[in-house]
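Biologist: Could you walk me through this one? I'm new to it, and I'd like to start with how the chains sit against each other.

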Amino acid sequence: MPSGALLFQSVILGLLLGGLYALLAAGLTLYFGIMRVVMIAHSAFLILAAYLAWWSHARLGVDPLLSMVVTVPLFFGLGVLLQRLLLARLRPVTLTMMSVLLTFAIAVLIEGLLGYAFSGTQRRIQLGYGSASLGLFGARIAVVKLIAFGLAAVALLTLYLLLKRTRFGWALRATIQHPDAARLIGIDTDRIAGFGFGVGLATAAVGGTALALDTTIYPSLHWHWIGPLMAIIVVGGLGSVPGAAVAAMLLGLVQSLLQIPLGTTWAQTVFYLALFATLAFRPQGFFGGRLAQRF
Amino acid sequence: MPSASELPAAPRHRLGGLFRAVAILAVAAAVLSFPSWAPNPYILSAGVVVLNYAVLSTSWNFVGGFTGYISLGHGALAGLGGYATGLLVVRAGLPSFVALAAATLLVAAFAVPVGYAALRVRGASFVIVSIALVLILLLVFQSWASFTGGSRGLVVPRPFPGLLRPEHHRVFFYLFAALLAVALLVWWLVDRSRFGLGLKAIREDEDKAESLGTPTFGYKLVVFVVSAGFTGLAGGLYALWFGDLDPVFQFSILTGSYLVLMALLGGVRQLFGPLVGALVVGIGLEYFKVEFGNTPLHLAATGLLLALVVMFMPDGVLPALGALVDRFLRPAQSSIREVTAAELRDRGSGPPEGDRPADPPASVPVGAPDGRSAEERS
């Protein structure tokens, strides 16, 4: 039996990791809500943002957090372009399958270009405060992990307020709930859908920066993220951001706890087991609404 | 969607049929005689690789072509077939081809629960499960090193120890060609059967198919298992030929995407679509490997090509070529409708006097009628 302090530390780390998962899963939920698109490339953009953060630190000497000044607007623009120029042009009949393929192709393209530009070498940001940690009831928590969690939490809160409190958020949610009715009351659903994708991809920029703070990155890392993220949105049930957040926290926690007896590699399987079990026994997910039926 | 084999026997089409038969014979002759005119063993081994891709993407097309469900995980099923064959030979001491048969059955059996989880809900969950399959198998086969050999790889003994390398390639070339012929034959039979009709109904509109009494879930599961069986068989044969397995290559997401790219490029609704795609992409892959080695640009090029095909040619080159031929040879008939109203009337009263404008390949690209788009958004 592991000691109480170790358990406590795992719980804290699991919750911190779950926060990042929740932010990324929220982006995926948003895309799915807007267009029924499962965006495989989300985690590739995450790694791209992490590389940009690493590059701005290593080559320009800027704090990685500052790279968000560039990456967040950049990714917003990329998201709008991605939706307007590519996804919106696919045939509606085969949209579900073809959009998965298209975003998969984009993920592979990004991975290839990252490998070409930065080589396959593993990279890590060396920060002055990188090794600092806080002691809390016997658990040691790295400061960078707290910063990453803080970033994710702020981004998630911003996303929530954006969706609930602004006119754009109302229009976006109307577009998600009933596109035809939204058009009838004068919402330009095409434009709103494009902006929605932009917002989704902007969360990947924030997530990527948070990830770069305390993780070693390499071009094919995104496959380690897309699997868990897919599992989270399926377990949470699509279409509900709170569902995704709860599933993210829960699975992040379980993964972190399982790392004690099983080690990091085998602990990852919890996501896939959860994915298969959910699809086999409760395919609409555990918190999902109407949207999940169509998944 | 009338398939190529259901053409009416009008004179023009008889000519087309003859042309088709000659083309098939020519391709078959070219494939079968390849080992005798291949200039060196390397080219011959590249031929085996391309044939392996052709078998795999034809197997993929059982699911992708008939039902429209796209799997990115067939590379992993092939890898599983390879590892199952290898492990049965190495650990259980079975003879090579007995192990191959057992591995095929194992992969098919493995596909049942996977298909059950993946196909219960329609749509994207299938793709997600297929990707997850690759990731989880890679994880397991890398980590469970005491059994699978892990990253050090697994050496599979050759089934014909007495043969020299070129002879070995030649034998396996013919084995793969035979397997390809069987896979194509089965695909063709399914295409003509009532089962195939049900599968195609699922592709066109799953809700309507279900309401008309098609056992959609059962059909999808059966065809997935058949597809997995063929894929596992091809993977096992590859293991016996290549003799050295590494989890990174056997359970690579890239293999799965090559298969999808090949099938889409050739045309998923065509019997020979995946074969054509495999010839183009497979030869291209080998060429780039020789010219440039293994660089990350491989990945980038694959991604770019896949994106281009998805965006601009989702029906593949074969239908596109057919449409092109029609445009130049029969310009008068380039109606955007598959069947005109006047023809429908004619068809009701008697045989049509003129030519039907809709040669099947031409009818494919023009937005198939559907009732799905509206529903899918709700």
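Biologist: How much area do chain A and chain B bury between them?
Modeller: In this predicted model, chain A and chain B bury about 4,500 Å² between them, and 77% of that area lies on carbon and sulfur atoms.

Biologist: And how many residues are in contact?
Modeller: On chain A there are 48 residues in contact with 49 residues of chain B.

Biologist: How many polar contacts and salt bridges are there across it?
Modeller: The interface of chain A and chain B has 2 residue pairs in polar contact, and the count of salt bridges between the two chains is 1.

Biologist: Which part of chain A supplies the largest share of the side that touches chain B?
Modeller: That is H4(A), which gives 15 residues, and by class the side of chain A that touches chain B has 34 nonpolar, 8 polar and 6 charged residues.

Biologist: Which side chains meet in the salt bridge between the chains?
Modeller: The side chains of A:Arg91 and B:Asp315 meet there, at 2.9 Å from N to O.

Biologist: Are those two buried or exposed?
Modeller: A:Arg91 counts as partly exposed, because its relative accessibility is 34%, whereas B:Asp315 counts as buried, at 14%.

Biologist: Changing topic, what about B:Lys200?
Modeller: The side chain of B:Lys200 meets that of B:Asp191 in a salt bridge of 2.7 Å, N to O; B:Lys200 is buried at 10% relative accessibility, and B:Asp191 is buried at 8%.

Biologist: Which residues are joined into one network?
Modeller: B:Arg203, B:Glu204 and B:Arg269 are joined by salt bridges that share partners.

Terms used:
Residues numbered from 1 in each chain as written. Chains lettered and ligands numbered in written order. Predicted model: local features only at pLDDT ≥ 70, side-chain atom pairs only at ≥ 80, totals over all residues. Heavy atoms only, no water. Contact = heavy atoms within 4.5 Å. Buried area = accessible area lost by both parts, 1.4 Å probe. Salt bridge = Lys/Arg side-chain N within 4 Å of Asp/Glu carboxyl O. Polar contact = N/O pair within 3.5 Å; in protein donor to acceptor, adjacent residues only side chain to side chain. Helix = DSSP H or I, 4+ residues; strand = E, 2+ residues; numbered from the N terminus. Nonpolar A, V, L, I, M, F, W, Y, C, P; charged D, E, K, R; others polar. Buried < 20%, exposed > 50% of the residue type's maximum accessible area, 1.4 Å probe, protein only.
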